[in-house]
Amino acid sequence: MAMPSLPKIWDTFPELNPPLQNVLIEMSESWRIGFSEIDNAIRSQASAGKLVRPALTLLFSELTDAPYNQKAIVLGASIELLHLATLIHDDIIDESKLRRGQDSIQAHFGKDTAVYAGDYLLTGMLSLLNDADNIQANKLALESLRNILFGELTQKHNRYLTDTSFDNYLTQITGKTAALFKLSVLFGATSSDGVSSQLLDVVGKLGENLGIAFQLLDDYLDFESITEQLSLGKPAGQDIRNGIYTAPILFALENPDINAELKELLALRDGITDDQLVHIHNVVLESDAMSRLNSLLAEYSQELDDLLNKLPNNALRQKLSHLATLLLNRKKLAKKKP
């Protein structure tokens with residue numbers, strides 16, 4: 001079998017290349033169902049990801065007495081299948097037309113195929129968990145699945161609520177995004193022996209912190225690029241039209257000077273025109289919302305550094321610091337307000 005190619009992000013992590021290639025092999029062998037449409041649908045998404053979560057699993061296996069062990073590879077493959085399944089189901093719920101720069105499965109193949117594809121990926125994830133034969137990993141996966149579902153239900157409850165708090169939104173993304181990052185790092189740290197319960201607590205907090213920061217940065221970049229995307233004729237602002245209000249909108253709504261105007265525009269829901277979306281974008285940018293978000297990202301970055309310094313493996317600390325820089329500096333925040 002030809003070795004799969006890896007995303008460019010891993011070029012500076014040569015030690016990850018062989019185990020990540022094995023992750024791709026494990027994944028590909030776990031989800032082929034034999035129905036060509038579903039296989040093709042899954043393949044269209046599986047080939048586009050950056051493999052951040054399985055890479056975290058592999059890196060954190062360095063804390064154990066068996067770095068890059070086979071269980072870490074299998075667990076890394078399982079979490080990437082879970083991640084893909086959640087993306088597919090998210091796109092169905094949100095009726096998203098694009099995923100990773102191309103047609104989403106539900107847009108290209110239809111919602112029925114997307115449901116089957118997502119469900120089948122979950123069976124592949126469970127099959128790999130069984131292959132790993134790790135009781136602790138099973139417990140962690142169950143807890144993570146519950147948290148992901150709770151995050152999704154919180155998002156559903158919060159839709160179109162302009163009075164919801166930012167803390168409530170943090171609860172939402174702690175389930176939807178951060179739970180998978182937390183599971184990724186804990187999978188690695190529990191893939192073999194040698195990690196104390198105290199260190200596992202640090203690892204879990206580190207993964208959750210990274211996941212929240214990752215999502216908040218996505219919020220920043222997605223909102224910042226609205227006018228650029230519209231000028232290129234690309235879909236933009238779909239979360240706003242769907243009533244999924246991320247950090248920039250929630251922070252702007254806390255400003256009494258623009259609260260009423262913003263609420264009036266958001267009340268149009270999916271009737272918001274492109275011109276009105278641009279106006280929302282400008283109103284938010286003229287507030288302190290983006291600078292507040294930028295400051296919050298700086299706080300999470302500092303907390304992440306503090307947690308990294310608690311890890312006993314200096315080489316791993318350096319690798320994770322480099323990876324965090326790549327993940328949390330995906331684009332210069334050049335347009336931030338003072």
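Select Ile 244 to begin; at a relative accessible area of 6%, Ile 244 is buried. The model is a predicted one. Ile 244 belongs to the loop that joins helix H11 (238–241) to helix H12 (247–253). Which residues does Ile 244 touch, leaving out those up to four places away in sequence? Show Asp 94, Gln 155, Arg 159, Gln 172 and Asp 239. For Gln 155, draw a distance between C-alpha atoms: Gln 155 and Ile 244 are 89 residues apart along the chain, and their C-alpha atoms are separated by 7.2 Å.

Next, the nonpolar core. Select Trp 10, Leu 216 and Leu 311, the residues that touch the most other members of the largest nonpolar core, which has 110 residues. Helix H9 (residues 197–224) supplies the largest share of this core, with 14 residues. Centre on Leu 311 and show its contacts beyond four places in sequence: Phe 60, Leu 63, Leu 199, Val 202, Val 203, Leu 206, Leu 316, Arg 317 and Leu 320.

Now turn to the aromatic rings. A search of the whole structure gives 4 aromatic pairs. In one of them, the ring centres of Trp 10 and Phe 13 are 5.6 Å apart and the planes stand at 70°, so this pair is edge-to-face. Trp 10 is buried, with a relative accessible area of 0%, and Phe 13 is buried at 1%.

Move to Phe 181 and Phe 214, whose ring centres are 5.1 Å apart with planes at 45°; the pair is therefore tilted. Phe 181 is in helix H8 and Phe 214 in helix H9, so the pair ties together parts 33 residues apart in sequence. Phe 181 is buried at 0% relative accessibility, and Phe 214 is buried at 13%. Then select Phe 166, Tyr 169 and Phe 251, which form one aromatic cluster.

The last stops are salt bridges, of which the structure holds 9. Select Lys 176 and Asp 90: their side chains meet in a salt bridge, 3.2 Å from N to O. Lys 176 is in helix H8 (residues 166–189) and Asp 90 in helix H4 (residues 70–94), so this pair ties together parts that are 86 residues apart in sequence. Are the two partners buried or exposed? Lys 176 counts as buried at 18% relative accessibility, and Asp 90 counts as buried at 13%.

Return to helix H9 and select Asp 201 and Lys 205, which lie 4 residues apart in that helix, about one turn. Their side chains form a salt bridge of 3.3 Å, N to O. Asp 201 is partly exposed at 41%, as is Lys 205 at 48%.

Then select Lys 8 and Asp 11, a salt bridge whose closest N and O atoms are 4.0 Å apart. Lys 8 is exposed, with a relative accessible area of 68%, whereas Asp 11 is partly exposed at 49%. Finish with Glu 15, Glu 62 and Lys 319, which are linked in a network of salt bridges.

Key: Residues are numbered from 1 along each chain as its sequence is written. This is a predicted model: local features need pLDDT of at least 70, side-chain atom pairs count only at pLDDT 80 or more; totals for chains, interfaces and linings use all residues. Side-chain values use heavy atoms; hydrogens and water are left out. A nonpolar core is a set of buried Ala, Val, Leu, Ile, Met, Phe, Trp, Tyr and Cys residues joined through side-chain atoms within 4.5 Å. Buried means under 20% relative accessible area, exposed over 50%, partly exposed in between (1.4 Å probe, protein chains only). Helices (H or I, at least four residues) and strands (E, at least two) are DSSP runs, numbered from the N terminus. Contact means heavy atoms within 4.5 Å. Rings of Phe, Tyr and Trp (its six-membered ring) pair if their centres lie within 6.5 Å; planes under 30 degrees apart count as stacked, over 60 as edge-to-face and the rest as tilted.
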